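Please consider the sequence and three-dimensional model shown below.

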Amino acid sequence: MENASKALLMAAGVLIALMTVVLLVVMFDNLSNSQNENVQTTREAQIIEFNNQFTTYLRDDIRGSDMISLMNRVVDYNTRKGDNSEEKYEQMKISINRNKSNCRNCFI
C-alpha cells in the first residue's frame, strides 16, 4: 500500500510539472502573438502616415504649385532615403500623364 501511495504522489508531481510547462508555453505564445500584433499595427500606422503625405495630390484639380511641391517631396525622399542610407529603399519616380479628354480649359 505504501508503494502505491508513493506512485500516486510521483504521478501527481509529474502531472503538475507538465501542466506548469504547458501553461508557460501557452503564456509565452500569447505574449509573442501580442507583440507581433503591436509591431504590425505600428508598421501599418507608419505606412498610412507616409502615404498621407502623397495622397493629398490625388485629385483632378491639381495645380502647378502642387506639382512642384510633390516633386520637391519626392526629391527630398530620394536624397534622404537613397543609396546613402543603410536601409534599402526604392527611389520614387514621377510620371505625368495629361489626358486631353479630362482637361478643362487646356490650351494645347
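The points that follow are grouped by topic.

This is a predicted model, in which local features need pLDDT of at least 70 and side-chain atom pairs count only at pLDDT 80 or more, whereas totals for chains, interfaces and linings use all residues. Residues are numbered from 1 along each chain as its sequence is written, and side-chain values use heavy atoms, with hydrogens and water left out.

**Helix packing**

- Helices are DSSP runs of H or I with at least four residues, numbered from the N terminus; L24 is found in helix α1, residues 2-55, and N78 in helix α2, residues 64-81.
- The axes of α1 and α2 are 10 Å apart and meet at an angle of about 145°. Axes here are lines fitted to C-alpha atoms, for helices over the stretch in contact, and angles run from 0 to 180 degrees between N-to-C directions.
- On the α1 side, the contact (heavy atoms within 4.5 Å) is made by F50, Q53 and F54; on the α2 side it is made by L70, R73, V74 and Y77.
- By class, this contact of α1 with α2 has 5 nonpolar, 1 polar and 1 charged residues. The classes count Ala, Val, Leu, Ile, Met, Phe, Trp, Tyr, Cys and Pro as nonpolar, Asp, Glu, Lys and Arg as charged, and the others, Gly among them, as polar.

**Salt bridges**

- The whole structure holds 3 salt bridges, a salt bridge being a side-chain nitrogen of Lys or Arg within 4 Å of a carboxyl oxygen of Asp or Glu.
- R80 and D76 form one of them, at 3.0 Å from N to O. Both residues lie in helix α2, 4 residues apart, about one turn of the helix.
- Salt bridges that share partners join R59, D61 and D66 into one network.
- Exposure is classed by relative accessible area: buried means under 20%, exposed over 50%, and partly exposed in between, with a 1.4 Å probe and protein chains only.
- D61 counts as exposed because its relative accessibility is 52%, whereas D66, at 17%, counts as buried.
- R59 is partly exposed at 35%, and D76 is partly exposed at 38%.

**Surface patch on nonpolar side chains**

- L23, L24 and M27 form a nonpolar patch on the surface, with about 320 Å² of accessible area together. Accessible areas come from the Shrake-Rupley method with a 1.4 Å probe, and for residues only the protein chains shown count as cover.
- Patches are made of residues with over 30% relative accessible area and no salt bridge; like charges are joined within 9 Å, and nonpolar side chains (Val, Leu, Ile, Met, Phe, Trp, Tyr) within 5 Å.
- L24 counts as exposed, because its relative accessibility is 53%.

- N78 counts as buried, because its relative accessibility is 15%. Residues up to four places away in sequence aside, N78 touches Q91 and M92.
- I94 lies in the segment after α2 and is partly exposed, with a relative accessible area of 37%.
- Leaving aside neighbours within four places in sequence, I94 is in contact with L70, M71 and V74.
- The C-alpha atoms of I94 and L70 are separated by 8.9 Å, although these residues are 24 apart along the chain.

Key:
Helices (H or I, at least four residues) and strands (E, at least two) are DSSP runs, numbered from the N terminus.
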